[in-house]
Amino acid sequence: MQFLDEASIIVEAGNGGNGCLSFRREKYVPKGGPDGGDGGHGGSVYLIGDDALNTLIDFKFQRFYKAQNGQGGMGRQMSGRAGEDLHVKVPVGTTVIDEDTLEVIADVTEIGQVVLVGQGGRRGLGNIHFKSSTNRAPRRTTTGTEGDRRNLRLEMKVMADVGLLGMPNAGKSTLIRSVSAAKPKVANYPFTTLVPNLGVVKLGMHEHFVMADVPGLIEGASDGAGLGLRFLKHLTRTRLLFHVVDVAPFDESDPVEAAKAIVHELGQFSPALSERPRWLVLNKFDLLPEDEREARAQKIIQALNWEGPVFRISAISSDGTDKLVQAAYRWLTEQRRLEHEDEEALTREQEMRRRMEEESVARTEARLGRRRKRDDEDDEDFDDDDYDVEVEYAP
């Protein structure tokens, strides 16, 4: 299945039905009076979080979603049928943005979460509502109102506990293949990974967590270089980051400079995300002679002034990976326990997620704003004469 994490759709709620103008007409009942019924309310459009979906590919082929209109009122005080609501399933982790106002409407983060994105029109009133002691035969009704119509942008962020961060060809895909059942493409060249991959790391019965592998970053990723900006957003849902560093790069580049570049891009994209707990994972130790491994590790750690956890692994042979995932599972379990028992810890986590989401949305709004400005400038360059074409016929 093709991975698609951004889509634009149009939703239109149903219009309300009009009220009915009618008078009672029965044999032996003179001057029966008004009996026009009300129209039905228009159907609304809702989005529902569904864990069975992991891509927005369906919205590439169907972009217009409309709820049912309300039925008009009828005589004999019969109201019209209300329009059926339309429920559209979206992946959990989808952010809904109004493309016209750049307002974030909702963030679908839970299975079964229901979000109203298009309010149905109100029903019109029949003439029965306007009778009075001085107006026995009212000819007044009201029409139903129009339903909302919105241009929406859907942006999906994968839901994972641990995110893999690193330069292209650092071994992130090999690591997720080694510790989970995920099978992303692995090859000996940069940018092998073009879309995020999710893998469930199972350690035992009811002991597991989700790991996300996103495309590698390059310098300038926070400003849109490479695949950076589009996929950095997927890391905003994670609790823990593994900073994977290639200790023996095939191009003989400096691992320290590469690691510093990643840290810089992370901070530029989201200061809150850069504050997330991050573990240093030194990969590809099997490519170094045994007597040089520890010296290389210490050199990198000292150059980075690293004070956090450090793990030395070889993802391709699975050396050290078990220790890494066991430590990650214990850390995640402890964090969830703290948030459950300590209200302050829960508040800190919620505040962190709020900040990351605001920063991610600000990036999205800026990108959409630049795109809109560019489109407006293109429109200004358009001239009616652009349609004029001179045709010369050669003899």
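The buried residues of helix 2 (buried: under 20% relative accessible area, with a 1.4 Å probe and protein chains only) pack against strand 9, strand 10, strand 11 (207-213), strand 12 and helix 7 (321-341), contact being heavy atoms within 4.5 Å. These residues are K172, S173, T174, L175, I176 and V179. Because 6 of the 8 residues of helix 2 (residues 172-179) are buried, this helix is largely enclosed by the rest of the structure. Helices (H or I, at least four residues) and strands (E, at least two) are DSSP runs, numbered from the N terminus.

The model is predicted, so that local features need pLDDT of at least 70 and side-chain atom pairs count only at pLDDT 80 or more, whereas totals for chains, interfaces and linings use all residues. Residues are numbered from 1 along each chain as its sequence is written, and side-chain values use heavy atoms, with hydrogens and water left out.

An open sheet of 6 strands shows mixed pairing in the order 10-11-9-12-13-14, where two strands pair if DSSP finds at least two bridges between them. Strand 10 (197-204) and strand 14 (310-312) are at the edges with a single partner strand each, so one side of each lacks a neighbour in the sheet. From one strand to the next, the twist averages 25°. Strand 12 (residues 240-246) and strand 13 (residues 278-283) run parallel and are joined by 6 bridges; V245 stands opposite L282 in strand 13.

Helix 4 packs on the sheet, where it touches strand 9 (162-166), strand 12 and strand 13, and its direction makes about 150° with that of strand 12. Axes are lines fitted to C-alpha atoms, for helices over the stretch in contact, and angles run from 0 to 180 degrees between N-to-C directions. Helix 4 (residues 255-269) comprises 15 residues and reaches 21 Å from its first C-alpha to its last, close to the 21 Å expected at 1.5 Å a residue; the expected span is 1.5 Å times one less than the number of residues. Its buried residues are P255, V256, A259, A261, I262, E265, L266 and F269. At the start of helix 4, the backbone nitrogen of V256 has a side-chain oxygen of D254 within 3.1 Å. Helix 6 (residues 290-304) lies across strand 13 and strand 14, running at about 155° to strand 14.

G93 is found in the loop between strand 4 (86-91) and strand 5 (94-98) and counts as buried at 0% relative accessibility. Its C-alpha atom is separated by 6.0 Å from that of V158, 65 residues apart along the chain. Not counting residues up to four places away in sequence, G93 touches V108, T109, E155, M156, K157, M159 and R237.

Conventions. Buried means under 20% relative accessible area, exposed over 50%, partly exposed in between (1.4 Å probe, protein chains only). A polar contact is a pair of N or O atoms within 3.5 Å; within protein, one must be able to donate a hydrogen and the other to accept it, and residues adjacent in sequence count only if both atoms are side-chain atoms.
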